Amino acid sequence: MRGIIIVSLLILQSLVVSSSQTEPDFNFFYWVNYWPGAICDSQKGCCPPTKGNTASDFIIHGLWPQFNNGTWPAFCDQTNLFDISKISDLVCQMEKKWTEWGVWACPSNETNLWEHEWNKHGTCVQSIFDQHSYFRTNLKFKHKVHLLNILIQKGIKPNDGFYSLDEIKNAIKCAIGFAPGIECNEDVKGNKQLFQIYICLDNYAKEFVECPYVPDKSCASKIKFPSLPERDSLNESLSVMSSVSTT
């Protein structure tokens, strides 16, 4: 009888071990969102999305595994590439919160951001995510963290005004408990402006954590928070840019 009990316990233990989640071989995640106004206000200009929500908001760029030494894995598995049928129930949400990067770049291109993000980053995190859970996790944090509202509540508005880098970081830190990283680009006049916000998550993408390092070197001590032009003004800008590019 005792032998049967011991064997049963060993079988149960093996089942628990086999069903446990594999420890990730990377250290943390960047969850990155971009401000489309910083694309519109750059030398390249932008094109508004033709579908989904075009209201002013930060838009998901992606969820990126990182190592503490400043490097990251990429394109880890070419046998499990992006398949939109696996996230068909998420597409409507993603069109609103994760607009394809290509539609913002001018001239518009056919870059598929969702495909790129899974093939480059998602294939490296399959110890904890399949395709559906990878994209669902991005959307979960998007519903949880309203970056634009966080900044506006602290008086930081997308009105082409200039705000201190620390002011922006502290506003987000007050909301989530940890300071983000800020990436800047330049407007047509060479002013540094808010482009992307990096929020760090643990290596299971469950909790916010302190960033081991952040990409703040691209910013000045005060940066511009560019407005997002209306569709009509975007079309006018495109016409101007087109005429300039042909001269």
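**Chat about a predicted model**

Tutor: Of the 247 residues in the protein chain, buried residues make up 45%; buried means under 20% relative accessible area, exposed over 50%, and partly exposed in between (1.4 Å probe, protein chains only). This is a predicted model, where local features need pLDDT of at least 70 and side-chain atom pairs count only at pLDDT 80 or more, while totals for chains, interfaces and linings use all residues. Residues are numbered from 1 along each chain as its sequence is written, and side-chain values use heavy atoms, with hydrogens and water left out.

Student: How many helices and strands does the protein chain have?

Tutor: Eight helices and six strands. Both are DSSP runs numbered from the N terminus: helices are H or I with at least four residues, strands are E with at least two. The order from the N terminus is α-β-α-β-α-α-α-α-β-α-β-β-β-α.

Student: Switching topic, which residues does the UniProt annotation "active site" cover?

Tutor: In the unreviewed UniProt entry, that annotation covers H61, E117 and H121. They span 61 residues in sequence, yet no two of their C-alpha atoms are more than 11.4 Å apart, so they gather at one spot. Bear in mind that UniProt annotations may be inferred rather than shown by experiment.

Student: Is E117 buried or exposed?

Tutor: E117 counts as buried, at 1% relative accessibility, and sits in helix α4 (residues 113–120). H61, in strand β2 (residues 59–66), is buried too, with a relative accessible area of 12%.

Student: OK, salt bridges. How many does the count come to?

Tutor: Four, taking a salt bridge as a side-chain nitrogen of Lys or Arg within 4 Å of a carboxyl oxygen of Asp or Glu. One of them joins D41 and K224, with the closest N and O atoms 2.6 Å apart. D41 lies in the loop between α2 (37–40) and β2 and K224 in strand β6 (residues 222–225), so this pair ties together parts 183 residues apart in sequence.

Student: What else is linked with D41 and K224 in a network of salt bridges?

Tutor: D187 is linked with them. The side chains of D187 and K224 meet at 3.0 Å, N to O. D187 is in the loop between β4 (181–186) and β5 (192–201), so its pairing with K224 in strand β6 ties together parts 37 residues apart in sequence. Both D187 and K224 are buried.
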